[in-house]
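Please study the sequence and the structure before each solution.

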Amino acid sequence: MKDTVFPSSKQATNGGGAAKTTFPATKSQLYGATRPLYRPQPKPHRYRRSCCCSCCIWTTVTTLILLLLAGVSAAILTLIYSPHRPTFRVSSLRVSTLKITSSSKLITNITLNVNAKNPNKELIYIYDPIAISLTTKNDVVIAKGSFATINGGNQELDDSSAGELRVALKNKKGLPLKMKLDTKVKAKIGGLKTPKVGIRVICEGIKVSAPKGKYPSKASISNAKCNVDLRVKVWRWTL
């Protein structure tokens, strides 16, 4: 009896392991073939902001270093030279005109000399122009200007100030005045110069009287004393 062989429904493939292809293609296969892979993009760097912050930080650090070096230098100079403040003395004061008109105008013409003494040997003081004012104990400005002649410039006084000044001028002991000097000064040590510093000198104990006749009157300055104050500005840094 002859055996009958029936062919198998599965076709043999080369290699025996080829993948099965499905037609038509599914949506997942189509999108997977055409859609690009997602790759996250890096955020842009803020170079401008970073540069500004870096500049501010370096500027602040540099300024602090310079201030520190200036402070150390000043401390060293202080230890080496032990600088002292200059002293001032009123050497002469002459009143050519000092009167009050009937309309309460003050007319003055005053000439004065002030000596400044430097008690330091290795240090030199260099002064800017000096502004001068003479006032009464009630802060009435008698005269103002610069060295060496100062005047009142026909200053108008109120009735109260004019009355008090007339009474004070009749006093035989003289009219007490206060002199104020304002200027800026810098110190020089060899080839090194310090920054300018404001300085105010206040001299009290001066007494003047109105001149009689055509000759100026001399002020009493034997009891005059001058005090020196440094007017240093304080800088505030905000970091």
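**Exercise 1.** Determine which residues Pro176 is in contact with, leaving aside its neighbours within four places in sequence, and describe where Pro176 lies.

Solution. Step 1: contact means heavy atoms within 4.5 Å. Beyond the neighbours within four places in sequence, Pro176 is in contact with Thr135, Thr136, Lys137, Ile206 and Lys207.

Step 1: the model is a predicted one, in which local features need pLDDT of at least 70 and side-chain atom pairs count only at pLDDT 80 or more, whereas totals for chains, interfaces and linings use all residues. Residues are numbered from 1 along each chain as its sequence is written, and side-chain values use heavy atoms, with hydrogens and water left out.

Step 2: Pro176 has its place in strand 8. Helices (H or I, at least four residues) and strands (E, at least two) are DSSP runs, numbered from the N terminus.

Step 3: Pro176 is partly exposed, because its relative accessible area is 41%. Buried means under 20% relative accessible area, exposed over 50%, and partly exposed in between (1.4 Å probe, protein chains only).

Step 4: Pro176 and Val208 are 32 residues apart along the chain, and their C-alpha atoms are separated by 6.6 Å.

**Exercise 2.** Is Thr136 buried or exposed, and which residues does Thr136 touch?

Solution. Step 1: Thr136 is placed in the loop between strand 4 and strand 5.

Step 1: Thr136 counts as buried because its relative accessibility is 8%.

Step 2: not counting residues up to four places away in sequence, Thr136 touches Ile142, Leu165, Leu175, Pro176 and Leu177.

**Exercise 3.** Describe the lining of the second largest pocket.

Solution. Step 1: the search uses a 1 Å grid over the protein atoms alone; a pocket is an open set of points where a 1.4 Å probe fits, with protein on both sides within 12 Å along at least five of seven lines, and lining residues have an atom within 4 Å of a point.

Step 1: the volume of the second largest pocket is about 170 Å³. Grid points are joined across faces, edges and corners, and a volume is the space filled by probe spheres set on the points.

Step 2: among the residues that line this pocket are Thr136 and Pro176, together with Lys137, Glu164, Leu165 and Leu175.

Step 3: helix 3 (159–169) and strand 8 (175–189) each supply at least two lining residues. Helix 3 gives the largest share, four residues.

Step 4: the lining divides into five nonpolar, five polar and two charged residues. Here Ala, Val, Leu, Ile, Met, Phe, Trp, Tyr, Cys and Pro count as nonpolar, Asp, Glu, Lys and Arg as charged, and the others, Gly among them, as polar.

**Exercise 4.** How many bridges join strand 1 to strand 2, and which residue of the turn has a positive phi?

Solution. Step 1: two strands pair if DSSP finds at least two bridges between them. Strand 1 (residues 87–100) and strand 2 (residues 105–117) run antiparallel and are joined by 12 bridges.

Step 1: Ile100 has Leu106 as its bridge partner in strand 2. Leu106 in turn has Gln155 as its bridge partner in strand 7, and strand 2 and strand 7 (residues 155–156) pair in the antiparallel sense over two bridges.

Step 2: strand 1 and strand 2 form a hairpin with four residues between them, and Ser104 in the turn has a positive phi of about 65°. Ser104 counts as buried because its relative accessibility is 10%.

**Exercise 5.** Is Asp139 buried or exposed?

Solution. Step 1: Asp139 is found in the loop between strand 4 (131–135) and strand 5 (141–146).

Step 1: Asp139 is exposed because its relative accessible area is 53%.

Step 2: Asp139 has a positive phi of about 65°, although it is not a glycine.

**Exercise 6.** What is the mean pLDDT of the protein chain?

Solution. Step 1: pLDDT is the predictor's confidence in each residue, from 0 to 100. The mean is 77, and 67% of the residues reach 70 or more.

Step 1: over residues 8–19, pLDDT stays under 50, and the model has one contact beyond four places in sequence for them.
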